[in-house]
Amino acid sequence: MPDPRHPSPPPAAALRALPPGEQPLTAAARAFNLQLSRVDKLKAQLDELDALAQSHRVELHRWVAPLQQRQRQRMRELALWLAECLQGKILSRLQQATATEALCRLAQTLAEEGDRAMAALHDQHSPQTLAQKKQAAAGALRERLEQVLGEPLDGTGDDASVEELLRAGMARLRESQDEEQARRQAKAKARKARQKPGAEQTQAQVQQADAETQLRTLFRQLASALHPDRETDAQERLRKTALMSEANAAYGRKDLVTLMQIQLRAELADPAAVSRLAEDKLAALTLLLKQQVAGLERERAARQQRLAGEFDLPPGQVANPNTLKQHLLAQVAALEMAVAQTEQDLERVQEPAGLKRWLNQQRETPGRVRADRDPDDYF
């Protein structure tokens, strides 16, 4: 239930300009209202993305997690059985080598999932320990990153992990991109400074300055009215402190809608006041709304990208109910096939003839038992 002491903000549409009497809305008022509706729509889409992410995490836990656990358990049983078979004398030297490779791949996969017993089993049978493999992988990654960057990857020690190197490499790459963008912007700004501003550019600059002035004025009015130190009632002081915190954050991100909503919630403004604004003032506010819409669109794209990464969607796919559902179905199908294959393998290796045939297949199809991080990739 909503807290009556902290009511939810009204929708942006509640701030819209209304027609004066029987007269139609002006073009400036229509443009202002259009941007308000876009703000509402984008905020609703962001809320939908949050709800979608939460529901999809629940579905993953419901369908994927049990299959992953079952797959890990079967892989563990297979690795332990191979280790037991290696202690006997039923396998040829070549079959022993193949069994050892398969065991190490299985154990490495499980060790990377946090299974310490499998890490020890791997190191017991592998000519290279997991630590040595990680060190070799980190060295190869460092070399590739330095080739891409064209310079040494400073700030990372010789013992840096793959994850640390990736973070450092991506940070340096972003830094290089930011530096290049700053250089381009500086050149563009210098060219622009050499050019005499045209009438449109001058008008845009004036409108931008007017918009920022109106935003600053609105914030100052709120700050004056909501200053908690001037309030004697304890409950009212808490309410004003919360509103003032919201206003500070909104002003920092130039969020005109939230500042106007705070005005309404604090009963500091006449809801019809915006309808009486002059055309140029309304146009300046519309400019702020357009900038806020652009920011919300960027946030929507960034959130979709984060969800696509979190849920491992194929490149180019946008996170939405359909793509996430289809990807979940594909994950479940792949995991069910992987579990069935592992259980079939486990059954086959229980008797000597089946074990030998299975090992021969491993030699003929190298990498069938793979050491990846994802157990659903096990084939």
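**Notebook: loops, a helix pair and a ring pair**

I looked up aspartate 312 and found it in the loop between helix 9 (279-310) and helix 10 (321-348). Helices here are DSSP runs (H or I, at least four residues), numbered from the N terminus. The model is predicted, so I noted that local features need pLDDT of at least 70 and side-chain atom pairs count only at pLDDT 80 or more, while totals for chains, interfaces and linings use all residues. Residues are numbered from 1 along each chain as its sequence is written, and side-chain values use heavy atoms, with hydrogens and water left out.

I checked the backbone of aspartate 312. Its phi is near 60°, a positive value in a residue other than glycine. Aspartate 312 is exposed, with a relative accessible area of 53%. The cut-offs are under 20% for buried, over 50% for exposed and partly exposed in between (1.4 Å probe, protein chains only).

I then turned to lysine 254. This residue sits in the loop between helix 7 and helix 8 (256-265). Lysine 254 is not a glycine, yet it has a positive phi of about 55°. It is partly exposed, at 39% relative accessible area.

**Helix 2 and helix 3**

How do helix 2 and helix 3 pack? I read an angle of about 150° between helix 2 (residues 93-112) and helix 3 (residues 116-125), with the axes 8 Å apart. Axes are lines fitted to C-alpha atoms over the stretch in contact, and angles run from 0 to 180 degrees between N-to-C directions. The two helices are therefore roughly antiparallel (over 145 degrees; under 35 is roughly parallel, 65 to 115 roughly perpendicular, the rest oblique).

I listed the contacts next (heavy atoms within 4.5 Å). Helix 2 brings residues including Leu103, Cys104 and Leu110, and helix 3 brings, among them, Met118, Leu121 and His125. The residues of this contact divide into eight nonpolar, four polar and no charged. Nonpolar covers Ala, Val, Leu, Ile, Met, Phe, Trp, Tyr, Cys and Pro; charged covers Asp, Glu, Lys and Arg; the others, Gly among them, are polar.

**One ring pair**

I counted one aromatic pair. Rings of Phe, Tyr and Trp (its six-membered ring) pair if their centres lie within 6.5 Å; planes under 30 degrees apart are stacked, over 60 edge-to-face and the rest tilted. Phenylalanine 219 and tyrosine 251 have ring centres 4.4 Å apart and planes at 10°, so they are stacked. Phenylalanine 219 lies in helix 6 (residues 199-226) and tyrosine 251 in helix 7 (residues 234-252), so the pair ties together parts 32 residues apart in sequence. Phenylalanine 219 is buried at 14% relative accessible area, whereas tyrosine 251 is partly exposed at 27%.
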